[in-house]
Amino acid sequence: MTKLTLTSRPGILIINGGSSSIRFAAYSLDKRPIVILTGKIDRIGLSDTRLNAKEILSGKNHSCDIDGTDHARVAAQLLKWLNTQARFCLIQAVGHRLVHGMNLSDATLITPSLLAELKEAAPYDPEHLPLEIALIEACIEHYPSLQQVACFDSVFHHGMPRVASQLPLPRHYEEQGLRRYGYHGLSCEYLMQELHRLGDPAAVSGRVILAHLGNGASMTAVLAGQSVDTSMGFTPSSGMMMGTRSGDMDPGVAVFLSRSGQLDSEQFYTMVNHESGLLGVSGRSSDVRELLAIEADDVPAAEAIALFCYQAAKLIGAYSAALGGLDTLVFAGGIGENSPQIRKRICGNLGFLGITLNRTRNLEATPIISADCATVKVRVIATNEEIIMVHSVKRVLKLDVIQY
């Protein structure tokens, strides 16, 4: 097997686990964090699970079949494979992306007590936390000498105003942790740092809406660099419709389906997380590209696209109200970065807010796609959650901090 071309500097391994996949990347800390290896394990839980990886410096690809029975087994095989790569011994820490950060306000070193807290919090996010915990425990078991750091997606929203984080429920439920937490925070942090680097004054003192649109989709309102509201709430299932998630829904729907004997609570959970959104409305696909290709001749596909864009535009209007106006709108995520048709439809009726796109710039996805006459600057930024995790690991472990 071809060996990796790593430098002699220490490195950090980043692991990002999803319900059916694991993304990973190795970074060398030579002068600045440089990605050396990226990879993904797809179709966990199915019979044809594969590991695919690419060496960035050489461009060489690796691929192999693995036993994808569960996340713990997959993680063990991933670590075993990584250990066959040259200089993996230089990896001195692992950064894990965790969706739910409870009440924590920063990334933190993983300790037995933190693991115990995470296991207690697992019922709050059963879609993600149990799988993420399994990955952490596999890393600890196979490489106990490596320091492990948890990087939380909810941290960016930790300081949201109470009026935005409180749920309108009887007060005793709040004591049990029922509130709006917000997610996609690692992406939000990167986007705000990029705005600052690009010299956009809104990053420090202005009004920004971050539209992270992908299979998971959310909007975040940021005022003077601080999150003041976000569409995902108690769980990542809430907010706007997504690839397979319903987003916000009348609670009476759950009651009706239960009382009519159609769905119990577990079946309802599966439906709103895995069978709804673009997939459910279209009846065809959760992929915007596929739906755009057939919408002219497929009414359900066209309706799914229309509903997605309508909800996104509605949130931009709502968050502009929460911010008292808008200075910068950022599109990110797989859809936000790569679909000019979706960006155009979302912004089409937002001229009253000062949002007007330049047709050519939007088609070419230039860094700024708004028209010169627009009062709101509209940007497209490719998000990078992993580099935020690398810097978080460095900060927590007090490694040499180098700005990117």
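In this predicted model, an open sheet is built from 5 strands in the order β11-β10-β9-β12-β13, and their pairing is mixed. The edges are formed by β11 (226–230) and β13 (377–380), each of which pairs on one side only, and from one strand to the next the twist averages 20°. Within the sheet, strand β9 (residues 207–213) pairs with strand β10 (residues 217–223) in the antiparallel sense over 7 bridges, and H212 stands opposite S218 in β10.

Two helices are placed against these strands. Helix α12 packs on the sheet, where it touches β9, β10, β11 and β12 (328–332), while helix α14 lies across β9, β12 and β13. The table sets out the direction of each helix relative to one strand.

| Helix | Residues | Reference strand | Angle |
|---|---|---|---|
| α12 | residues 299–323 | β10 | about 15° |
| α14 | residues 340–347 | β12 | about 150° |

A further contact joins two helices to each other. Helix α6 (residues 185–197) and helix α16 (residues 385–396) pack with their axes 8 Å apart and at an angle of about 90°; because angles of 65 to 115 degrees count as roughly perpendicular, α6 and α16 are therefore described as roughly perpendicular to each other. On the α6 side the contact is made by L186, S187, E189, Y190 and Q193, and on the α16 side by E385, I387, I388 and M389. By residue class, the contact of α6 with α16 divides into 5 nonpolar, 2 polar and 2 charged residues.

How values were computed: Residues are numbered from 1 along each chain as its sequence is written. This is a predicted model: local features need pLDDT of at least 70, side-chain atom pairs count only at pLDDT 80 or more; totals for chains, interfaces and linings use all residues. Side-chain values use heavy atoms; hydrogens and water are left out. Axes are lines fitted to C-alpha atoms, for helices over the stretch in contact, and angles run from 0 to 180 degrees between N-to-C directions. Helices (H or I, at least four residues) and strands (E, at least two) are DSSP runs, numbered from the N terminus. Angles under 35 degrees count as roughly parallel, over 145 as roughly antiparallel, 65 to 115 as roughly perpendicular and the rest as oblique. Contact means heavy atoms within 4.5 Å. Ala, Val, Leu, Ile, Met, Phe, Trp, Tyr, Cys and Pro count as nonpolar, Asp, Glu, Lys and Arg as charged, and the others, Gly among them, as polar. Two strands pair if DSSP finds at least two bridges between them.
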